[in-house]
Amino acid sequence: MFADFLFGLRAQGLPVGLSEWNAFLSALRDGVIGTPDELYTLGRALLCRTEADFDRYDLAFAEVFSGAALSEEKRRELVEWLQNVLQARGERVDPGIADEDLWKTLLERLAKQKGEPHGGSDWVG
């Protein structure tokens, strides 16, 4: 869903760079964003460079997240999952790779993918 948001922002003409996007994803990962209002507000603060970008941000946000609603059961499952993820910071496969590099590689691979993944070692499925 958030990759769609990045592409939606860029489609609206917002020049969202990797540093802004990584800051946004870090806020998600670290639990700074807990409600849709916080998602909107913090995203707008991090991803818009000037006030001139606000309208384009609003259009992309509305396009990507319109109709997004969670039932109470799904909301509880999501909160539980997020709490487990935040608590379970297990061993890294390669601790020498920085988080920013991992995100950069993931986003590059997602951007290159066109169509369905049919094998290969670089596809994100």
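This dialogue goes through how to read several features of a predicted model.

Q: What share of the 125 residues in the chain is buried?
A: Buried residues account for 20% of the 125 residues. A residue is called buried when its relative accessible area is under 20%, exposed when it is over 50%, and partly exposed in between. Those cut-offs are needed for the residues discussed below.

Q: How do I read the packing of two helices?
A: Two packed helices are described by the angle between their axes and the distance between the axes. Take α1 (residues 2-11) and α2 (residues 18-29) as an example. The axes of α1 and α2 lie 12 Å apart, at an angle of about 150 degrees. That makes α1 roughly antiparallel to α2, because angles over 145 degrees are put in that class. The crossing of α1 past α2 is right-handed.

Q: At what angle do α2 and α3 pack?
A: The angle between α2 and α3 is about 155 degrees, and their axes are 9 Å apart. α2 and α3 are therefore roughly antiparallel to each other. Their crossing is right-handed.

Q: At what angle do the axes of α3 and α4 cross?
A: Helix α3 (residues 36-47) and helix α4 (residues 54-65) have axes that come within 11 Å and cross at roughly 140 degrees. That makes α3 oblique to α4. α3 passes α4 in a right-handed crossing.

Q: How many salt bridges does the structure hold?
A: The structure holds four salt bridges. For each one, look at the N to O distance, then at where the two residues sit, then at their accessibility. Three of them are taken in turn below.

Q: Which residue meets E20 in a salt bridge?
A: The side chain of E20 meets that of R49, at 3.0 Å from N to O. This pair links distant parts of the chain: E20 belongs to helix α2, R49 lies in the loop between α3 and α4, and the two are 29 residues apart. E20 is buried because its relative accessible area is 16%, under the 20% cut-off.

Q: Which helices hold the two residues of the D58 and R44 pair?
A: The side chains of D58 and R44 form a salt bridge, at 3.7 Å from N to O. D58 is in helix α4 and R44 is in helix α3, 14 residues apart, and this pair too links distant parts of the chain. D58 counts as partly exposed because its relative accessibility is 27%. R44 has a relative accessible area of 23%, so R44 is partly exposed.

Q: Is D53 buried or exposed?
A: D53 is buried, because its relative accessibility is 5%. D53 forms a salt bridge with R56, with the closest N and O atoms 2.5 Å apart. R56 is partly exposed, at a relative accessible area of 29%.

Q: Which residues form a nonpolar patch on the surface?
A: L70, L78 and W81 form a nonpolar patch on the surface, with about 310 Å² of accessible area together. L78 is in helix α5 (residues 72-87). L78 is partly exposed, with a relative accessible area of 39%.

Methods:
Residues numbered from 1 in each chain as written. Predicted model: local features only at pLDDT ≥ 70, side-chain atom pairs only at ≥ 80, totals over all residues. Heavy atoms only, no water. Patch = residues over 30% accessible without salt bridge, like charges linked within 9 Å, V, L, I, M, F, W, Y side chains within 5 Å. Areas by Shrake-Rupley, 256 points an atom, 1.4 Å probe, with all protein chains shown as cover. Helix = DSSP H or I, 4+ residues; strand = E, 2+ residues; numbered from the N terminus. Buried < 20%, exposed > 50% of the residue type's maximum accessible area, 1.4 Å probe, protein only. Axes fitted to C-alpha atoms, helices over the stretch in contact; angles between N-to-C directions. Parallel < 35°, antiparallel > 145°, perpendicular 65-115°, else oblique. Left-handed = near helix turned anticlockwise from the far one by under 90°.
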